[in-house]
Amino acid sequence: MDHSVLDEIMNRTNRDKLAERVSRAAEASLAAQGYVSALDVLSGIGWVEPSAVQRWRQGQVECLERVTQTNLSRISEAMKLFRVWARDKGLLPSETQYVARTPKRQKLRFSVSGDHGIEKNYRTHWVSPALSEKKRERVAAQASRPPDLVVIQPTKDMWTCHHCGGTGDLLIMENPGPACLRCVGLGDLVFLPAGAALLTRRAKALSARSAVVVRFSRSRGRYERQGLLVEPQALAEAERTMEVRQSA
Ligand SMILES: [Zn+2]
């Protein structure tokens, strides 16, 4: 057998194997959440580790492909197989936004090239047509919502902001270390203690920037939610609407 024929057969075998891995990962995510994303597939076949996804979501790596453990042509092959699989299943495309879990909320980049079409393919979630239209909309909205920023109330007194060398009551973890809220542009936010669920929900909806405040409980061995940081005008507005309702 000449080499080119052998190469062709090898290529086809590898492609079939990859197709099987892609469809298995995609099936699992579809069953679990009612939709599948490219990220689900790349994670599901083991090409991106959860810790790498986390760093990417926190804006600490340039793009997802940089932390994907295979070459670009294999990734693009898998993406193609994923789209074919999704269309064959009759899934519905839904374009979503991916923003970083950082105060700047910058758009996350997937591809090394940054090509518009490739980015769009990565951002497209494939949704089960079995879900009702309402449920589909909810799933899409949920997927697009940026993850909450997390601010820590330190249990130890001494910590130093890696930007300004200062300290404070609250800190946010960045790649090089803890940072004070002033240095990350959240210094003006006000604290709303946990408990007032309705007020919290309203203030959060009205606030362009917000962050969940947590504190480590030594007795329980985990972080616990203390409240929410919101923009002062959002809190004032939320309080006003609730007073109006109460007096009505
Ligand atoms: Zn600082």
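Predicted model: local features only at pLDDT ≥ 70, side-chain atom pairs only at ≥ 80, totals over all residues.
User: Which domains does the assignment give?
Analyst: Domain 1 covers 3–144 and domain 2 covers 149–247 in the protein chain; such bounds come from an automatic or database domain assignment. The C-alpha centres of domain 1 and domain 2 are 33 Å apart.

User: What radius of gyration does the chain have?
Analyst: The protein chain has 23 Å, whereas a compact globule of 248 residues would have a value near 18 Å. The radius is taken over C-alpha atoms, and the globule rule is 2.2 Å times the number of residues to the power 0.38. Along the principal axes, the C-alpha trace spans about 80 × 50 × 40 Å.

User: And what percentage of residues is buried?
Analyst: Of the 248 residues, 23% count as buried. A residue is buried if 20 or more other C-beta atoms lie within 10 Å of its own, exposed if 12 or fewer, and partly exposed in between, with C-beta atoms placed from the backbone.

User: How many helices and strands are there?
Analyst: The protein chain has eight helices and nine strands. Helices (H or I, at least four residues) and strands (E, at least two) are DSSP runs, numbered from the N terminus.

User: Take α4; what is its span?
Analyst: Helix α4 (residues 72–88) has 17 residues and reaches 24 Å from its first C-alpha to its last, close to the expected 24 Å. The expected span is 1.5 Å times one less than the number of residues.

User: Which of its residues are buried?
Analyst: Ile75, Ala78, Leu81, Phe82, Trp85 and Ala86 are buried in α4. Viewed down the helix axis, the buried residues of α4 fall within an arc of 135°, so they line one face; the arc is that of the directions from the helix axis to the C-beta atoms.

User: What is on the face turned away, and what follows the helix?
Analyst: That face of α4 carries the exposed residues Leu72, Ser73, Arg87 and Asp88. Gly90 follows α4 and has a positive phi, near 75°.

User: Is Leu39 buried or exposed?
Analyst: Leu39 counts as buried because it has 20 C-beta neighbours inside 10 Å. Leu39 lies in helix α2 (residues 38–44).

User: Turning to sheets, what is the order of the three-strand one?
Analyst: The order in this open sheet is β1-β3-β2, with antiparallel pairing. β1 (35–36) and β2 (92–95) stand at the edges with a single partner strand each, so one side of each lacks a neighbour in the sheet. Two strands pair if DSSP finds at least two bridges between them.

User: How many bridges link β2 and β3?
Analyst: Four bridges pair β2 with β3 (residues 124–127), and Leu92 has Val127 in β3 as its bridge partner.

User: What are the partners of β8?
Analyst: Strand β4 (residues 149–153) runs parallel to β8 (residues 210–217), joined by five bridges; Gln153 stands opposite Arg215 in β8. Strand β9 (residues 222–230) runs antiparallel to β8 over eight bridges, and Ser210 stands opposite Val230 in β9.

User: Which residue takes a positive phi in the hairpin of β8 and β9?
Analyst: Gly221 does, near 70°, in a hairpin with four residues between the strands.

Terms used
Residues numbered from 1 in each chain as written.
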